[in-house]
Amino acid sequence: MFDIEENLKKLPDTPGVYLHKDKLGQVIYVGKAISLKNRVRQYFRLSKTADPKLRALAANIEEFEYINCATEMEALILECNLIKKYMPKYNVLLRDDKTYPYIKITMNEDYPRVVKTRLVDNDGGKYFGPYSDAGAVNEIVDMVNDIYSLKRCSARSFPAGAKPCLNYHIEKCGGVCTGQIKREEYKDKINKIVEFLNGRNKPMLDMLTGKMNEAAENLDFESAAKYRDKITAVKAISEMQRVVILGAGDMDMVLVLRGTGKLYAVVFFIRGGKLSGRESFLMQADESEKNEDIAAQFIKQYYSDIGSVPHEILVEAEMPEKELIQEYLSSIAGRSVKITVPKKGDKKALLDLARRDVSEMAKTIDERARAARERSENLASEIAKALIEIGYEVPAHGARGYRIEAYDISNTNGVDSVGAMVVFEGAKPVKKDYRRFKIKTIEGPNDYASLQEVIYRRFRRAEQGDAGFSHLPDFLFMDGGQGQVTAVQQILKAMKIDVPVVGMAKDDHHRTRALVSGDGREAVLAERPLLFKYVGTVQEEVHRFAIEYHRGIRNKKMLTSVLDEIEGIGPAKRNALLSHFGSVEAIKKASVEELEEVNGITKANAGKIREYFN
């Protein structure tokens, strides 16, 4: 088992993010710390007067792990990413994805603007961020607009004789609308701003420092204070956030970790430029093998198995047959895939951070692996006992525990019926194997027949050699009771497929109660805490997955019709709005100025949209 007291002694006195886990190894809380050593210990030294929620969290912690960060800011951003990924039970969850602001330069305009935004879109603009200090972002946006007298309005063209706005008259804008500023001159200003936002801040800091000193010498202390604040903002916004790689796509980092007599490959996942987590894999290899050889073998086997390959894979050292492996991965992905050894810049900094983290992992990974195996064995044993109790023959489980597929149906009074399939191996969900089904042959609210259609299509695809359905389960879990189980058993019998089917029955309070067989026998879960937690998790996950799919289909119909009702908004503008904002809810909240940023949306269109939703 994971020895908490022993592992508390190994915690480093550095910034980082910690993840608390329960009996099933599921993340129940993510937090950040300036000192991991001091912060994590506090959860196991609580007084009797501590907050009840905190005591409940501490009582459920069976193990923890941590990821080192270089600065508190990096820890803050990584904490945010991991909370979004795991949605832990004891964290305060922000349902809206608009978390950190970006600085945007509207490069798709003849005279670009510099604005703050929380929406990132593929609209030709340049985005910088995300940044954790929203106040500093506001300060920088205002500052560069003031220094370079940039255009602040959203107008893109100016008819002859156009009258300048108030910003021009109070010297906040150079007056692009008057025709006095040449495009090349304006572009040069934008290039200097891009250079600054890319991290080359010394010229701007020198300029501001000079103006601050000049104002102080002239006893203009009010202006000097303003320049001082701008210098502070420049330094805040320029602090490198190496957890985020600006403009980067999906990448993985693969490092080799040498434990006590064992070798591991550790994968760090970078999605949308953000470090979003890590996973370790035990490797069977001789200790004399070089790290780059182990990494090469792992990359070939791992990515051919999961079928999802990022655009770039970062490694520590040049590996043998790199070009051949790149070609192989590109054939799997259907696009170019690079394997890179970063030598400088953000990628090198991120790799160095991962190296330090792997070094810390080496202290505890063997113990963690033992705890995971023990947990998997205990869970498999509990599942086997329960199913034998209700009359099933139980096969031997694999190294990762039993593979279970769970199914649920979702609809609104029989309309827009969908089916969902989620997969668990041991205690862990295998999200790459999740599948969704639109019900095609059943009309009205008939969950039994809908389940039969879904099961038939799933196993028919496997019989036809579809790689996405080739991995067969040990058991099928249905969200429901004896009726759902019997319906599925009928279709499996007709297809001559022998897979045990189990129902996940709930009580009158909608809580998981028992596992149910087709002949009505039950394995009550109240006295089986580990299995109770596991079945509840599976049931919640398949229900969530089904509801999200159904809601997405339903909302798409509803929301599209809403936009179509707005005067002047046709299919092209409707699609542009949805593409830019992501949802009608976001469009409802957008200001006229934000609406005008969308390609094709005029000021009149923006006014009509605001008028409609108001």
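Residues are numbered from 1 along each chain as its sequence is written, and side-chain values use heavy atoms, with hydrogens and water left out. In this predicted model, local features need pLDDT of at least 70 and side-chain atom pairs count only at pLDDT 80 or more, while totals for chains, interfaces and linings use all residues.

**The sheet.** Select β1, β2 and β3 together. Strands here are DSSP runs of E with at least two residues, numbered from the N terminus. The three form an open, antiparallel sheet in the order β2-β1-β3. Select 27-33 (β2) and 63-68 (β3): each has a single partner strand, so one side of each is left without a neighbour in the sheet. On average, neighbouring strands are turned by 20 degrees against each other, direction ignored; the axes are lines fitted to C-alpha atoms, and angles run from 0 to 180 degrees between N-to-C directions.

**β1 against β3.** Two strands pair if DSSP finds at least two bridges between them; antiparallel β1 and β3 are joined by six.

**Lys21.** Next, select Lys21 in strand β1 (residues 16-21). Its relative accessible area is 13%, so Lys21 is buried (under 20%; exposed is over 50%, partly exposed in between; 1.4 Å probe, protein chains only). Leaving aside neighbours within four places in sequence, its contacts (heavy atoms within 4.5 Å) include Gln26, Val27, Asn60 and Glu63.

**Thr117.** Finish at Thr117 in strand β5 (residues 114-117). Thr117 is buried, with a relative accessible area of 11%. Not counting residues up to four places away in sequence, Thr117 touches Pro101, Tyr102, Lys104 and Tyr127.

Key:
Helix = DSSP H or I, 4+ residues; strand = E, 2+ residues; numbered from the N terminus.
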